[in-house]
Amino acid sequence: MNAIDSLLFAASLFLLVTLVTGLVRALIGPSLPDRMLSIQLLGTGGVALLVLLALQLGISALVDVALVLALLAAVAAAALTRRERCDD
Amino acid sequence: MQMTAWHLMDMLLALLLLGLAWGALSTRDLKRGVVLFIAFGLLLSLVWARLRAPDLALAEAAIGAGLSGALLLSALRDAPAMEESGEKSIIPKLGVGLLSLGLAGVLAWAWFVAISAGAGERLAGIVMVRLEESGVGNPVTAVLLNFRAYDTLLELAVLLAAALGIMSLGPARRPFAPPEALLASLIRWLVPLLILTAGYLLWVGAHAPGGAFQAGATLAAAGVVLRLAGRHRIGLPAGIRLRLLMAAGAGMFLLVGLALMLTGRPFLGYPPTQAGLLILLIETAAMLAIAATLVLAFTGGRPKTDVLANTAGKLEASTASGPVPVRPARAGGANNDCNPEQKAC
Amino acid sequence: MLTAQWLYGLAGCLIAGIGLGNTLVGSSLLKRVLAINVMGAGVFMLLIAVAYRGPDLAPDPVPHALVLTGIVVAVSATALALALARRLDRGQDDG
Amino acid sequence: MTDILGLLFIAAAMFFFMAGSIGLLRLPDVHSRLHALTKADNVGLGLLMVGASLLGSDPVLAVKLLLVWLLVMAASSASAHLIARQVPSGEEDPACK
């Protein structure tokens, strides 16, 4: 195992730990937007972690996964914030 | 060094998943539960990536993190059904604990047997040897649409059954309010990109991770976003064409299978030279059906303007008698967007 | 035997157990739907742990295909369950 | 040489991700958390993408990574805005009452 790989491992571990830290906010809230923020962190961090994993495992398709994750992250946020129509 | 690094990451991920599963289910606050469950789905996608299952990571990213999240977040609005029932479970706590432990134990035993079986007996070897005859280069697609095509046919039938169930249970939720400027501009580029990505995933699925399921889920996300933005037209056709579209996946599968039987081959036994084309044909139909089903699932019921359902509703209204209450909104849903039980309407 | 298989396999068993317990005693319908999904996810983890062959080898595609099917069935069953819950609620309002 | 540069970019990215997480955890109200998180994470992701492109040394991969970064930026700024709009109304159930 060469130096680059070890450093990439270190980076992914570090990233995972920061994601866990951010997830504490999902646990303690207090409001729903607060919790959704930590989902957003997990989305962005997940994209980052997928890119690192793609390099480490040599599976370039994981970048496609990152692409889908990036696209779908917006959907969950929109689902949270939309209101149903009630003026008719 | 490499091994320990992987071990640390695996331990962290496994513990995190356990913690999120526990946290999502042990809380009495449903919002917290749903958000933690979405986080669980996102993390699961990372686990699939780490375990070298990019096909699953794609599906989980689209479904687990995106569509399920949207589905559950809208379900949070149906507050009454989702409130704490206050009823005590009739099963004693000890019994529940024992049952759960029992399930975990049985699974652990099954897992141990699977792990310790000789490597030579695995199906993986057969798949890899015969991959060339399958017409596609991605082994997961080969298993899904060729070697175990029956499974996938039945899966599409399950999906169709679920869609029919949802449609027959009642009208769709009320549509969403018109979007603010920012959301309007978001969907202007997000929807085309989702459709484009769906096409890409469908095509690339033949030789790389991707395929009808991931593509269908991504395509469905386009419909969900349009719906969230308050659009009336979200890409779903109406009336009989909607039903045909939902049946397209299983239908195309059956058609191809039967046509092959006419040529003297077994049901779904593709000739190796045409296998690739036939699989693409089935996958395209399956993608459309999956997308239609998932969008319909998100709207929560049959479309308000659904001609067929409304005629059925009127029939129901004219024939119903006795204790079954038929509320006018269900029969005449087309001209009224509001559910009468919502106090505001 | 690989450590990853152990870790994810056993975590999968426990997650499935947690899911089953909460499916039985869940305090609301939505909670029970979540619990069933968690139980499914545990089983998926178990299957994918079995399919894993190490960081440099291609994994077994058959469990992958099974789980892919499972994910799609799970989401459609979830949607159906939520539609049923909504319908149940309206039934109670009527009655 | 490009490898070292790539790793430096990734290391810098880690700093921003850490800042984002700490901000999310420590800042007092939802608006400032939003602010810290969205800014820091998008910068972090951008740096990581540059680093990964340098390490991957594949132009197609680099273009893809750039595209993903742009998407994440656009999506997360939009959703940050949507979440921020949600807050003043008391965050609670948006059903018509």
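Guide: Read from the N terminus, the elements of chain D follow the order α-α-α. The model is a predicted one, in which local features need pLDDT of at least 70 and side-chain atom pairs count only at pLDDT 80 or more, whereas totals for chains, interfaces and linings use all residues. Residues are numbered from 1 along each chain as its sequence is written, chains are lettered from A and ligands numbered from 1 in the order in which they are written, and side-chain values use heavy atoms, with hydrogens and water left out.

The secondary structure of chain D amounts to three helices and zero strands, where helices (H or I, at least four residues) and strands (E, at least two) are DSSP runs numbered from the N terminus. Chain D has 97 residues, of which 48% count as buried, that is, under 20% relative accessible area with a 1.4 Å probe and protein chains only, while exposed means over 50% and partly exposed lies in between. Of the contacts in chain D between residues at least 6 apart in sequence, 70% link residues at least 24 apart, a contact being heavy atoms within 4.5 Å. Chain D exposes about 4,500 Å², with 74% of it supplied by carbon and sulfur atoms; accessible areas of this kind come from the Shrake-Rupley method with a 1.4 Å probe.

Chain D meets chain A through 41 of its residues, which are in contact with 46 residues of chain A. Between them the two chains bury about 3,700 Å², 78% of it on carbon and sulfur atoms, buried area being the accessible area (1.4 Å probe) that two parts lose on being put together, summed over both. Chain A and chain D share two salt bridges, each a side-chain nitrogen of Lys or Arg within 4 Å of a carboxyl oxygen of Asp or Glu. In one of them Asp34(A) pairs with Arg33(D), with the closest N and O atoms 2.4 Å apart.

On the side of chain A that touches chain D, helix H1 (3–28), helix H2 (32–57) and helix H3 (61–81) of chain A each supply at least two residues, and H2(A) gives the most, with 15 residues. That side divides into 29 nonpolar, ten polar and seven charged residues, where Ala, Val, Leu, Ile, Met, Phe, Trp, Tyr, Cys and Pro count as nonpolar, Asp, Glu, Lys and Arg as charged, and the others, Gly among them, as polar.

One residue of chain A brings this into focus. Thr18(A) sits in helix H1 of chain A and counts as buried because its relative accessibility is 5%. Leaving aside residues up to four places away in sequence, Thr18(A) touches Leu41(A), Phe17(D), Met18(D) and Ser21(D). The side chain of Thr18(A) also reaches the backbone oxygen of Leu15(A) at 2.6 Å.

Elsewhere in the model, chain B and chain C bury about 7,400 Å² between them, 77% of it on carbon and sulfur atoms.

Conventions:
Polar contact = N/O pair within 3.5 Å; in protein donor to acceptor, adjacent residues only side chain to side chain.
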